[in-house]
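Trainee: Before we open the model, could you show me how to read its features one at a time, with the general idea and then the case at hand?

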Amino acid sequence: MLYEVRHETRFHYERSVAISHQLLKLRPRRCSRQNVLQTKLAVTPQPGVQRDWFDYYGNLVEFVTVQSPHSDLVIACTSQVEVLPGMDIMLDFSPPWEAVAQSLRTATHSEALAACQYCFESPFIALHPEILAFARESFEPGRPLLTATMDLTSRI
């Protein structure tokens with residue numbers, strides 16, 4: 001299946017700004033079931049500085065700096081992505097979500113440790129009772145992790 005993915009962010013400042021720094025993670029990445037045929041990033045006004053690197057998840061990170069006075073900033077990314085057929089995932093055969101959560105508490109391998117960083121509040125994201133209640137609807141006791149995750153993402 002072929003998809004065209006478009007993203008656009010627009011900033012409008014009440015007064016002209018002299019400089020703008022942006023950290024972008026907009027380009028899809030290649031993986032076993034996803035082939036990125038083409039991707040194009042456009043930043044207007046054009047940045048004076050651009051640096052790219054890959055984060056520890058393998059995502060392309062692009063840092064751009066617009067160094068000319070501007071009151072509008074537009075960031076647009078368009079990609080053509082081919083999603084390849086794969087095997088059906090047997091959601092109900094995944095372990096119960098509580099077992100996976102418990103294993104993360106005692107894990108020593110790097111992937112599990114990296115996942116643990118998302119278990120806590122941050123200065124940018126606070127835990128709200130409404131969000132917790134929304135998620136808990138999907139995570140009933142004993143429910144397989146992948147079944148619960150698929151339910152949650154479909155409700156979002």
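The conversation below takes up the core, the aromatic pairs, the salt bridges and a surface patch.

Mentor: Keep in mind throughout that this is a predicted model.

Trainee: How many aromatic pairs does the structure hold, and how should I read their geometry?

Mentor: The structure holds 2 aromatic pairs, and the angle between the planes decides the label, with under 30 degrees counting as stacked and over 60 as edge-to-face. Phe11 and Tyr13 are stacked, at 6.3 Å centre to centre with 0 degrees between the planes. Trp97 and Phe139, in contrast, are edge-to-face, at 5.7 Å centre to centre with 85 degrees between the planes. This second pair links distant parts of the chain, 42 residues apart, since Trp97 belongs to helix H1 (residues 97–105) and Phe139 to the loop between helix H3 (129–136) and helix H4 (145–155).

Trainee: Turning to charged side chains, is Glu62 buried or exposed, and with which residue does Glu62 meet in a salt bridge?

Mentor: Buried means under 20% relative accessible area, so Glu62, at 1%, counts as buried. The side chain of Glu62 meets that of Arg27 in a salt bridge of 2.8 Å, N to O, and the pair spans 35 residues, from strand S5 to the loop between strand S2 (20–24) and S3. Arg27 is partly exposed, with a relative accessible area of 22%.

Trainee: Which residues are linked in a network of salt bridges?

Mentor: Of the 7 salt bridges found in the whole structure, some link Glu137, Arg143, Asp151 and Arg155 in a network.

Trainee: Finally, which residues form a nonpolar patch on the surface?

Mentor: Met1, Tyr3 and Val5 form such a patch, with about 330 Å² of accessible area together. Met1, which lies in the segment before strand S1 (2–17), counts as exposed at 65% relative accessibility.

Technical notes:
Residues numbered from 1 in each chain as written. Predicted model: local features only at pLDDT ≥ 70, side-chain atom pairs only at ≥ 80, totals over all residues. Heavy atoms only, no water. Patch = residues over 30% accessible without salt bridge, like charges linked within 9 Å, V, L, I, M, F, W, Y side chains within 5 Å. Areas by Shrake-Rupley, 256 points an atom, 1.4 Å probe, with all protein chains shown as cover. Salt bridge = Lys/Arg side-chain N within 4 Å of Asp/Glu carboxyl O. Helix = DSSP H or I, 4+ residues; strand = E, 2+ residues; numbered from the N terminus. Buried < 20%, exposed > 50% of the residue type's maximum accessible area, 1.4 Å probe, protein only. Phe/Tyr/Trp six-rings, centres within 6.5 Å; stacked < 30°, edge-to-face > 60°.
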